[in-house]
Amino acid sequence: MFGRLGAPEIILILVVVILLFGAKKLPDMARSLGKSARILKSEAKAMKEEGSSTATPAGPPNTGEQTPAQRTIQASPGDVTSSRPVTEPTDTTKA
């Protein structure tokens with residue numbers, strides 16, 4: 001029943017979407033959706049890299065103070081204004 005979408009149905013859906021959101025807002029919505037997808041992808045990659053680096057510790061064991069890790073999150077390639085360095089939270093409770 002719902003599995004068969006032909007050309008007339010797709011055209012009708014597109015016309016309804018254009019009427020609901022307006023032709024001027026559609027490019028902005030698509031652009032923001034693309035940025036969100038890039039951010040989500042970069043965050044997932046960072047989490048995966050962070051998870052693999054904690055599984056295999058490298059270097060000497062930490063003694064004394066730790067320096068906060070810093071990484072850069074980029075919203076889109078070439079967009080300098082949206083890139084910002086991020087300092088990871090440190091554990092302030094010392095046992």
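Helices and strands here are DSSP runs, numbered from the N terminus. A helix needs at least four residues, a strand at least two. With that in hand, let's go. One caution: this is a predicted model.

Start with the overall layout. The chain has 2 helices and 2 strands. Along the sequence, they come in the pattern α-α-β-β. The chain is 95 residues long, and buried residues make up 5% of them. The accessible surface is about 8,700 Å². Carbon and sulfur atoms account for 64% of that surface. What about contacts along the chain? Take those with a separation of 6 or more: 31% of them join residues 24 or more positions apart.

Now the helix α1. It covers residues 7-21, which is 15 residues. From its first C-alpha to its last, α1 reaches 21 Å. That is close to the 21 Å expected at 1.5 Å a residue. Just after α1 comes glycine 22, with a positive phi of about 85°.

Next, the surface. Which residues make the nonpolar surface patch? They are Leu12, Val16, Leu20, Phe21 and Met29. Look at one of them, valine 16, which sits in helix α1. Is valine 16 buried, partly exposed or exposed? Its relative accessibility is 40%, so valine 16 counts as partly exposed. Remember the cut-offs: buried is under 20%, exposed is over 50%, and partly exposed is in between.

On to helix α2, residues 25-55. Arginine 31 is found there. How many salt bridges does the structure hold? The count is 1. Aspartate 28 forms that salt bridge with arginine 31. The closest N and O atoms are 2.9 Å apart. The two side chains also make a polar contact, listed at 2.9 Å.

Where do the partners sit along the helix? Aspartate 28 and arginine 31 both lie in α2, 3 residues apart, about one turn. Here is the general point. An α-helix has 3.6 residues a turn, so residues three or four places apart point the same way. And side chains of opposite charge can pair when their charged atoms come close.

How open are these two to the surroundings? Aspartate 28 has 45% relative accessibility, so it counts as partly exposed. Arginine 31 stands at 47%, so it is partly exposed too.

How values were computed. Residues are numbered from 1 along each chain as its sequence is written. This is a predicted model: local features need pLDDT of at least 70, side-chain atom pairs count only at pLDDT 80 or more; totals for chains, interfaces and linings use all residues. Side-chain values use heavy atoms; hydrogens and water are left out. The expected span of a helix is 1.5 Å times one less than its number of residues. A polar contact is a pair of N or O atoms within 3.5 Å; within protein, one must be able to donate a hydrogen and the other to accept it, and residues adjacent in sequence count only if both atoms are side-chain atoms. A salt bridge is a side-chain nitrogen of Lys or Arg within 4 Å of a carboxyl oxygen of Asp or Glu. Buried means under 20% relative accessible area, exposed over 50%, partly exposed in between (1.4 Å probe, protein chains only). Patches are made of residues with over 30% relative accessible area and no salt bridge: like charges are joined within 9 Å, nonpolar side chains (Val, Leu, Ile, Met, Phe, Trp, Tyr) within 5 Å. Accessible areas come from the Shrake-Rupley method with a 1.4 Å probe; for residues, only the protein chains shown count as cover. Contact means heavy atoms within 4.5 Å.
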